[in-house]
Amino acid sequence: MLVYIIRRSMQSVVVLFVMSLLVFVGVYAIGNPIDILINPQADQIDRENAIAALGLDKPLWEQYLVFLKGALTGDLGKSFVHATSALGLILERMPATMELALSAMLIAVVLGIPLGLWAGLKPNGIAGRSIMGGSILGFSLPTFWVGLMLIMVFSVMLGWLPSNGRGPTSLLFGIFPVSFLSWEGITHLIMPATNLALFNLALLIRLTRSGAHEALQQDYVKFARAKGLTNRRVIGVHVLRNILIPIVTVIGLQFGALIGFAIVTESVFAWPGMGKLLIDSINLLDRPVIVSYLLVIVTLFIIINLAVDVLYSMLDPRVRLTDSKG
Amino acid sequence: MSTVLPGLPVSAADRGAQSPFRRIVSDFLANPVAVFGLGLLLLIVAIAIFAPLISPQNPYDLAQLDVMESKLPPGSAAPTGGTFWLGTDDQGRDMLSAIFYGLRISLMVGAASTVLALIIGLAMGLTAAYFGGKVETLIMRVVDIQLSFPAILIALILIAVLGQGIGKVIAALVTVQWAYYARTVRGAALVEKRKEYMEAARCLALSPARIVFRHLLPNCLPPMIVVATVQVAAAIALEATLSFLGLGLPITEPSLGLLIANGYQYLLSGKYWISFFPGVALLLTIVSINLVADQLRDVLNPRMQR
């Protein structure tokens with residue numbers, strides 16, 4: 001078990017280095033680094049000074065080492081637009097994106113698993129079929145369009161919910177700024193979180209349903225029923241626990257995808273998170289921020305994937321047991 | 001004449017009298033929802049192909065547009081005599097025509113990127129499966145790493161690096177998608193590799209190219225067809241998202257995503273039709289493709305093949 005974790009961690013470090021190399025090559029070697037790092041409005045003398053100061057006249061491998069050193073100390077350049085540390089900008093916005101992504105995941109899990117279970121247990125009833133039909137709709141609907149329609153219905157026509165921005169924030173445990181602790185914060189959070197949750201909701205419904213459908217045909221369910229257990233116990237304890245393992249892995253992996261899709265939702269609802277910053281930076285050609293975003297996201301994904309792998313190996317007794325023998 | 005009695009199950013021998021293709025078609029048509037999906041899809045494709053012939057107005061022809069006609073609600077009368085069935089957008093374009101042309105662009109980009117990604121993914125996946133060893137490990141590692149990142153992120157970064165334009169959008173879509181095909185075909189090829197006909201082909205000392213193209217590839221195709229169908233829908237949705245964010249196709253060739261983006265600013269003043277109808281068109285396209293793909297997946301399921 002420990003061997004597995006160490007092995008995966010080392011693989012992750014290798015992947016991290018490879019990704020940093022790719023980012024470096026993409027930005028410094030392919031893109032024009034002079035345009036990227038030096039303010040395009042600088043004049044000739046400033047440019048030459050900056051080139052010498054940034055070491056862009058050194059050989060490529062030396063530049064990579066400098067870049068790596070900067071990355072490890074948290075210095076990824078200054079934003080052209082905001083004139084503050086690019087990495088600082090990203091980290092400042094991370095709590096907002098995390099709040100959105102976690103709320104969306106919560107909605108998807110709390111609604112998706114019960115609905116999928118229901119559809120799996122009664123696949124031929126009206127409820128089962130409509131849940132499945134609804135799930136096809138769920139991952140066919142383009143996220144940004146659903147967001148627009150939500151704004152149109154709930155903000156413009158009904159006037160119930162605010163159409164953009166984030167509510168007032170307060171500090172959770174004294175450190176994390178969150179907005180769901182106030183009612184106004186929740187009204188701002190509900191639409192973007194639901195919008196973001198739709199795709200995962202549909203995915204979880206389908207997964208849970210196929211898992212339940214398969215599990216119900218297994219022998220252990222027959223034996224449990226023969227033993228005289230109530231239906232509620234058979235399903236709630238035995239079936240649920242066995243289908244939860246792949247679902248938990250999918251939830252973990254989809255969390256990374258959620259952070260990616262949050263880019264779109266944040267743009268539609270003007271939610272002040274990392275994703276909106278990325279879109280604005282791409283449009284304004286603020287490249288240090290783009291580079292910082294890339295590195296932060298890559299690190300985040302690698303950590304999430306590693307955590308999911310370890311969690312899976314802990315949950316699935318087959319993996320755990322075969323590993324401890326070897 | 002086979003002895004098929006109505007109401008009784010058809011034996012394998014009798015079914016074998018039908019060619020596999022006819023069997024697939026008849027299985028597919030057994031589900032009414034899938035038939036509806038297929039019909040809708042064919043209608044949309046027909047609209048896209050014949051758009052120049054059936055649109056009331058050519059939305060790209062600036063001479064025909066009049067900004068005085070902009071932002072009219074659905075059903076308004078057009079000065080040339082017809083009706084703006086779905087209203088006009090902020091430049092005076094008839095929404096119905098803009099949607100027809102937009103469907104054309106969206107479908108073309110989706111199909112082109114899917115076909116290219118399919119070819120590249122097939123090549124990489126088959127190479128990995130056939131040669132095995134280090135080649136396979138390397139290719140599959142790249143596939144795994146790429147698949148662990150969300151598609152939209154990769155596409156966004158590629159567009160940010162490469163710039164905008166229809167070729168670059170297709171390139172970004174292809175880069176995002178090839179990994180799915182590579183992984184699927186490699187899985188299928190690994191299973192097929194163990195079957196006897198592959199051993200027989202090797203015994204006959206056929207060249208590797210011939211074995212791969214004439215024997216391995218055709219038998220790996222069924223799962224690929226399902227993946228490709230789903231991916232067309234995903235490619236169309238991804239292109240629409242990129243265009244909505246302003247990073248996709250140029251304004252001169254508006255796809256559905258761009259039309260929706262145009263309408264975003266008018267949403268809060270109640271002019272919903274500029275965003276609503278292109279979105280419905282996009283939704284219908286994606287839903288019909290997904291319905292067809294769902295049924296295809298059930299029909300081509302190897303457990304049900306004789």
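**View 1. The largest nonpolar core of the predicted model comprises 157 residues.** Such a core is a set of buried Ala, Val, Leu, Ile, Met, Phe, Trp, Tyr and Cys residues joined through C-beta atoms within 7 Å; a residue is buried if 20 or more other C-beta atoms, placed from the backbone, lie within 10 Å of its own. Helix α10 (residues 208-244) of chain B provides the largest share of this core, 18 residues. The residues with the most contacts inside the core are L258(A), A155(B), Y181(B) and L238(B). Helices are DSSP runs (H or I, at least four residues), numbered from the N terminus.

This is a predicted model, in which local features need pLDDT of at least 70 and side-chain atom pairs count only at pLDDT 80 or more, whereas totals for chains, interfaces and linings use all residues. Residues are numbered from 1 along each chain as its sequence is written, with chains lettered from A and ligands numbered from 1 in the order in which they are written.

**View 2. The contact between the chains takes 31 residues from chain A and 32 residues from chain B.** Residues are in contact if their C-beta atoms, placed from the backbone, lie within 7 Å. On the side of chain A that touches chain B, α10(A) supplies the largest share, seven residues.

**View 3. Buried residues of α11(A) include M274(A), L277(A) and I282(A).** Also buried in this helix are G275(A), K276(A), L278(A) and S281(A). Just after α11(A), L285(A) adopts a positive phi of about 55°.

**View 4. α6(A) passes α8(A).** Among the residues meeting here are I131(A) and F139(A) in α6(A), and L198(A) and R209(A) in α8(A).

Conventions:
Two residues are in contact if their C-beta atoms, placed from the backbone, lie within 7 Å. Helices (H or I, at least four residues) and strands (E, at least two) are DSSP runs, numbered from the N terminus. A residue is buried if 20 or more other C-beta atoms lie within 10 Å of its own, exposed if 12 or fewer, and partly exposed in between; C-beta atoms are placed from the backbone. A crossing is left-handed if the near helix is turned anticlockwise from the far one by less than a right angle, and right-handed if clockwise.
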